[in-house]
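Here is the note you asked for, written as numbered points. Please read it with the model open beside you.

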Amino acid sequence: MEIESVQCECCGLKEDCTQDYISEVKGKFDGKWLCGLCSEAVRDEVNRGNKKPFGTSVEEAVMAHMSFCGKSKSNPAVRVADGMRQMLRRRSGDLSSTPPSTSKKYPRSASTKLY
């Protein structure tokens, strides 16, 4: 069983996987390899689209998610965290997205220094 490093075509996250697993994932997503989080986001998009009159194909969902990931210019770890937050909001039904920078639930004290 040979392990190969593969990069997600949405977020750029790298994972070490077997060739069989890589082929299985590519078969589900129109030949594109997606990490676990991105594949869940695409499945969510397809499932949400099935509630619409014309539905959402896997190809459309992959392209929409790739577009979402492409808008973020940060490193893959930050994009994964943002994707997870978006997916959890969708699943919970909370689509009111308050940017984290405006959330002042725990304000920083004036004496705190960041280096």
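The points below take up confidence and then two residues.

1. This is a predicted model, in which local features need pLDDT of at least 70 and side-chain atom pairs count only at pLDDT 80 or more, whereas totals for chains, interfaces and linings use all residues. Residues are numbered from 1 along each chain as its sequence is written, and side-chain values use heavy atoms, with hydrogens and water left out.

2. The mean pLDDT (the predictor's confidence in each residue, from 0 to 100) is 77 for the protein, and 71% of its residues reach 70 or more. Over residues 101-106 the pLDDT falls below 50, and this stretch has 0 contacts (heavy atoms within 4.5 Å) in the model beyond near neighbours in sequence.

3. Cys 11 lies in the loop between strand E1 (3-7) and E2, and is buried (under 20% relative accessible area; exposed is over 50%, partly exposed in between; 1.4 Å probe, protein chains only) at 2%. Leaving aside neighbours within four places in sequence, Cys 11 contacts Cys 35, Cys 38, Cys 69, Pro 76, Arg 79 and Val 80. Cys 11 and Gly 83, 72 residues apart in sequence, are 9.1 Å apart in space, C-alpha to C-alpha.

4. Thr 18 belongs to strand E2 (residues 14-18) and counts as buried, at 19% relative accessibility. Residues up to four places away in sequence not being counted, Thr 18 touches Met 1, Glu 2 and Ile 3.

Note on methods: Helix = DSSP H or I, 4+ residues; strand = E, 2+ residues; numbered from the N terminus.
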